[in-house]
Amino acid sequence: MAPQRRAATKAPEGNGAAERRNRSSTKKDRAPREVQRPWLRTVGLGAGLVLTALLLWSSLGAEDGVAEVLAHRGEVVAGRFIEVPCSEDYDSHRRFEGCTPRKCGRGVTDVVITREEAGQIRSIAEKGLSLGGSDGGASILDLHSGALSVGKHFVNLYRYFGDKIQNIFSEEDFQLYREVRQKVQLTIAEAFGISASSLHLTKPTFFSRINSTEARTAHDEYWHAHVDKVTYGSFDYTSLLYLSDYLEDFGGGRFVFMEEGANKTVEPRAGRVSFFTSGSENLHRVEKVHWGTRYAITIAFSCNPDHGIEDPAFP
Ligand SMILES: O=C(O)CCC(=O)C(=O)O
Ligand SMILES: [Fe+2]
C-alpha cells in the first residue's frame, strides 16, 4: 500500500492525471508491481534479519562496551603508550615528586619479556598453584606473603608446607621473578619519564590463574570494574605480565580499560606487559573467562618507600 501512495504523489503530472492513469490501468500494467511486492518483502525480511543480527551483536559487545582493541593477541607490540589525564586520586595521598604520577596513561609492550621467559615464569605459577587452587574460578599465588588459594580460603604456603617448599620452587624461580620485576620497573620508569629507583615494588604481587569454574566466594569474582589505587591502596603504577594466550589457551578474559563510550581492550598474550597508572583514570575490569585457563602475574609499584617490599626470596 505505502509504495503505491508514494508513487502517486511523486507523479510529475499532478494528482489528477496520475490517479486517472491508475484507475484506468489494465491488469497487464499492474502485473510488474505485483511481481515486485514479494521481492520487496524478501528484501525487507532480509534487511530486518541483518539489522536484528547487528543489534544483537552490538548488544553482546556492549556487555563490555568494547569499542577498540589496544593490543591484539596476534600482533607483536614493540611499545605502545597512550597518555590519559590523571585523576585526582593522587592528591589525597602523600606526593613523592618525580614519582607520583603527573603524567598518567597506559602502555603495552611485547618486547620486554620473551615468550620463553613467560613460559618459565608460568611454570612457577603452575607448580605453586598445583599445591592448592580455589574451588571457584580464580586462584592466586603470592610468592612474597606465601598466600595461596585453597578451596574457599587462603593458606600460607611457607607455613603450610614448611621445608618441603624447597622441593617445589628453586632459587632460579626467584631469580627469574627478580629479573622480570626489574625489566618491568625500567619499562614503567621510561614510559612515564621517572627514575626507576623512585619506584618500590609493593604488595600484593601475585600470580593469578583463572578458569571458567563458577565463583564460590567473593574472592573468585575477578570481573568487577575497579581502580587499583582504591583496591590495593599502595599502588601507583600497576603492571600485568600475561602468561597465556587469548583464544589459544582461553576464551573471554580480555582486560578492559573502561571509558565512557570507548572502552579499550588488551588481549592477553604470553610475554605481554601491560602497565598503567593505578588511579581512576585507569578504571578497568577483566572479562569472564569462558573456557580454558588464563595465567597472569600482577607486579605493582609504589612511590612511597614505606610501602616498598623486597623481592620474594627463596625460603
Ligand atoms: O589479570 C588482569 O588482567 C588484571 C587483574 C587486575 O585487574 C588486578 O589484579 O587488579
Ligand atoms: Fe586491577
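Trainee: Which pocket does the space taken by ligand 1 correspond to?

Mentor: In this predicted model, ligand 1 takes up the space of the largest pocket.

Trainee: Which residues are around ligand 1?

Mentor: They are Phe206, His226, Asp228, Tyr232, Leu240, Tyr242, Phe255, His284, Val286, Arg294 and Thr298. Each has a heavy atom within 4 Å of the ligand. By class, six are nonpolar, three polar and two charged. At least two residues of this shell come from each of α7 (228-232), β9 (237-242), β14 (284-286) and β16 (294-302).

Trainee: How much of ligand 1 does the protein bury?

Mentor: The ligand taken alone exposes 290 Å², and 92% of that is buried by the protein.

Trainee: Why is asparagine 263 called buried?

Mentor: Its relative accessibility is 6%, and buried means under 20%, so asparagine 263 counts as buried. The residue is in strand β12 (residues 263-266). A polar atom of its side chain lies 2.7 Å from the backbone nitrogen of glutamate 259.

Trainee: Why is threonine 109 called buried?

Mentor: The relative accessible area of threonine 109 is 4%, under the 20% limit, and therefore it is buried. Threonine 109 belongs to strand β3 (residues 104-109).

Trainee: Is leucine 247 buried or exposed, and how do you know?

Mentor: Leucine 247 has 55% relative accessibility; exposed means over 50%, so leucine 247 counts as exposed. The residue sits in the loop between β9 and β10 (250-252).

Trainee: What is the phi of leucine 247?

Mentor: Phi is positive, about 70°, although leucine 247 is not a glycine.

Trainee: How do you know that the peptide bond between lysine 203 and proline 204 is cis?

Mentor: The omega of the bond joining lysine 203 and proline 204 is about 0°, and the bond is cis. Proline 204 lies in strand β8 (residues 200-210).

Definitions and conventions: Residues are numbered from 1 along each chain as its sequence is written. Chains are lettered from A and ligands numbered from 1 in the order in which they are written. This is a predicted model: local features need pLDDT of at least 70, side-chain atom pairs count only at pLDDT 80 or more; totals for chains, interfaces and linings use all residues. Side-chain values use heavy atoms; hydrogens and water are left out. Accessible areas come from the Shrake-Rupley method with a 1.4 Å probe; for residues, only the protein chains shown count as cover. On a 1 Å grid over the protein atoms alone, a cavity is a set of points where a 1.4 Å probe fits but cannot get out, and a pocket is an open set with protein on both sides within 12 Å along at least five of seven lines; lining residues have an atom within 4 Å of a point. A molecule sits in a cavity or pocket if more than half of its atoms lie within 2 Å of its grid points. Helices (H or I, at least four residues) and strands (E, at least two) are DSSP runs, numbered from the N terminus. Ala, Val, Leu, Ile, Met, Phe, Trp, Tyr, Cys and Pro count as nonpolar, Asp, Glu, Lys and Arg as charged, and the others, Gly among them, as polar. Buried means under 20% relative accessible area, exposed over 50%, partly exposed in between (1.4 Å probe, protein chains only). A polar contact is a pair of N or O atoms within 3.5 Å; within protein, one must be able to donate a hydrogen and the other to accept it, and residues adjacent in sequence count only if both atoms are side-chain atoms.
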